[in-house]
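Notebook open, model loaded. Today I'm looking up charged side chains and who they pair with.

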Amino acid sequence: MGVLDHVYEMFDCSHGHKIKKRKQLQSVEIKVKMDCEGCERKVRRSVEGMKGVSSVTLEPKAHKVTVVGYVDPNKVVARMAHRTGKKVELWPYVPYDVVAHPYAAGVYDKKAPSGYVRRADDPGVSQLARASSTEVRYTTAFSDENPAACVVM
């Protein structure tokens, strides 16, 4: 915070008025299907004129659009869906080496670009990453490394 900002806050006469928060520069990744050059042009033009957009990058083979600027991600998605008439969603994929179980049922996606899997925000999928204490007790009961294991084996 600079000296001018400090002086401005001391002599601020806007009693009760809300001050708008500045939007942060961010990169918004969006998944939208693009088949031809016309689709690419339509997608690019739908967000290029939006206030706060610095740049728009398209990756047609991955069906990915990256918008960089001082924008709200939800507003970018809504505007692109309205202007293009296509199904638009935030980029749902992460690199497969980030996920603990990339081939689990809720994570693996055949439509994902190579090297990517679906983001695992679902609590049912995250259960695969760590076992509960009862599961650990049952699996170690019949282990060869456990000295108190069952003698039936």
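**Salt bridges, starting with E29**

I'm working from a predicted model here. I looked up E29 and found that this residue makes a salt bridge with K64, with 3.3 Å between the closest N and O atoms. I then checked where the partners sit: E29 is in strand β1 (residues 26-32) and K64 in strand β3, so the pair links distant parts of the chain, 35 residues apart.

**More on K64**

I marked strand β3 as residues 64-69, with K64 in it. The K64 and E29 side chains also turn up as a polar contact of 3.3 Å. Then I listed what K64 touches, leaving out residues up to four places away in sequence: E29, I30, M34, T57, L58, E59, W91 and Y116.

**How many salt bridges does the structure hold?**

I counted two. Besides E29 with K64, I found K31 and E89, whose side chains meet at 3.8 Å, N to O. K31 lies in strand β1 and E89 in strand β4 (residues 88-90), so this pair ties together parts 58 residues apart in sequence. I also looked up the accessibility of E89: its relative accessible area is 26%, so I logged E89 as partly exposed.

Notes: Residues numbered from 1 in each chain as written. Predicted model: local features only at pLDDT ≥ 70, side-chain atom pairs only at ≥ 80, totals over all residues. Heavy atoms only, no water. Helix = DSSP H or I, 4+ residues; strand = E, 2+ residues; numbered from the N terminus. Polar contact = N/O pair within 3.5 Å; in protein donor to acceptor, adjacent residues only side chain to side chain. Contact = heavy atoms within 4.5 Å. Salt bridge = Lys/Arg side-chain N within 4 Å of Asp/Glu carboxyl O. Buried < 20%, exposed > 50% of the residue type's maximum accessible area, 1.4 Å probe, protein only.
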